[in-house]
Amino acid sequence: MLELAPGLIHHPGFFDRAAQVALVEAVRDVLKAAPLFTPRMPRTGKAFSVRMSNCGPLGWVSDIDGYRYQATHPATGTPWPPMPEAVAACWNALAGTALAPQACLINFYEPSARMGLHQDRDEQEFSAPVVSISLGDSALYRFGGTERRGPTRSIRLESGDVIVMGGASRLCFHGIDRIHAGTSTLLPQGGRINLTLRRVSPA
Ligand code: SIN
Ligand code: MN
């Protein structure tokens, strides 16, 4: 593992190929029950370039009314499916907290998708880290400190890598500048899946 900044830990190859294949299978099952939707920016309603879904008790959604967590899918109205076992196990191995994860956001990136620099700060509990899993095509991940205009660095995230944003880096700015299409054979149609695990509320 590599400490990119205080509390910002990169675990290259945390999931081996067999574990990645199993995880993709589990994500496919989740998406059958909770299909990908296109989130929209608050106020402007501009579409994100990623599509999203969630699993676990809470899901993160964004639409014209704002960012929020909710217990049901915005289109189907049904509760989010449970978090796959392997996802919860990853949190238990790396998060270093007794608090259980409550939300697993699923981001699906087509090769042209990106994610602007942002902080994860819609939670009411910041003692637990954010745990972020990469699957499929590799991505250029940019991270900085807790000031939007501060200096940033970039690293490449490969399929099976996990990033933990905790401690002094729990509120670090981060984003995905680009997807390197065709760099992984994990997803037959290409693209990238990111799973972001978070604790939302205090114990
Ligand atoms: C996010 O911060 O929401 C996604 C990060 C990633 O795709 O690795
Ligand atoms: Mn984020």
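**Close-up 1. The exposed side of helix 1.** The face of helix 1 turned away from its buried side carries Ala18 and Lys32, both exposed. Exposed means over 50% relative accessible area, buried under 20%, and partly exposed in between, using a 1.4 Å probe and protein chains only. Helices are DSSP runs of H or I with at least four residues, strands are runs of E with at least two, and both are numbered from the N terminus. This is a predicted model: local features need pLDDT of at least 70, side-chain atom pairs count only at pLDDT 80 or more, and totals for chains, interfaces and linings use all residues. Residues are numbered from 1 along each chain as its sequence is written, chains are lettered from A and ligands numbered from 1 in the order in which they are written, and side-chain values use heavy atoms, without hydrogens and water.

**Close-up 2. The buried side of helix 1.** Gln20, Leu23, Val24, Val27 and Val30 of helix 1 are buried. Seen down the helix axis, the buried residues fall within an arc of 120°, so they line one face of helix 1. The arc is taken from the directions from the helix axis to the C-beta atoms. These buried residues pack against several elements, including helix 2 (85–94), strand 3 (51–55) and strand 13 (192–198). Contact here means heavy atoms within 4.5 Å.

**Close-up 3. The start of helix 1.** Asp16 caps the N-terminal end of helix 1. One of its side-chain oxygens lies 3.2 Å from the backbone nitrogen of Ala18.

**Close-up 4. Strand 3 beside strand 6.** Four of the five residues of strand 3 are buried. Strand 3 pairs with strand 6 in the antiparallel sense, over five bridges. Two strands pair if DSSP finds at least two bridges between them. Met52 has Asn107 of strand 6 as its bridge partner.

**Close-up 5. An exposed arginine in a loop.** Arg43 sits in the loop between helix 1 and strand 3. Arg43 counts as exposed because its relative accessibility is 73%. The phi of Arg43 is near 70°, a positive value in a residue other than glycine. Most residues other than glycine have a negative phi.

**Close-up 6. The manganese ion (ligand 2).** Its protein donors are His118 (NE2), Asp120 (OD) and His174 (NE2), lying 2.2 Å from the ion. Donors are N, O and S atoms within 2.8 Å of the metal (3.2 Å for Na, K and Ca); water is not among the atoms, so sites may look incomplete. The donor residues are spaced H-x1-D-x53-H in sequence. Asp120 lies in the loop between strand 7 (115–118) and strand 8, and His174 in strand 12 (residues 174–180), 54 residues apart. Asp120 and His174 are buried.

Technical notes
A polar contact is a pair of N or O atoms within 3.5 Å; within protein, one must be able to donate a hydrogen and the other to accept it, and residues adjacent in sequence count only if both atoms are side-chain atoms.
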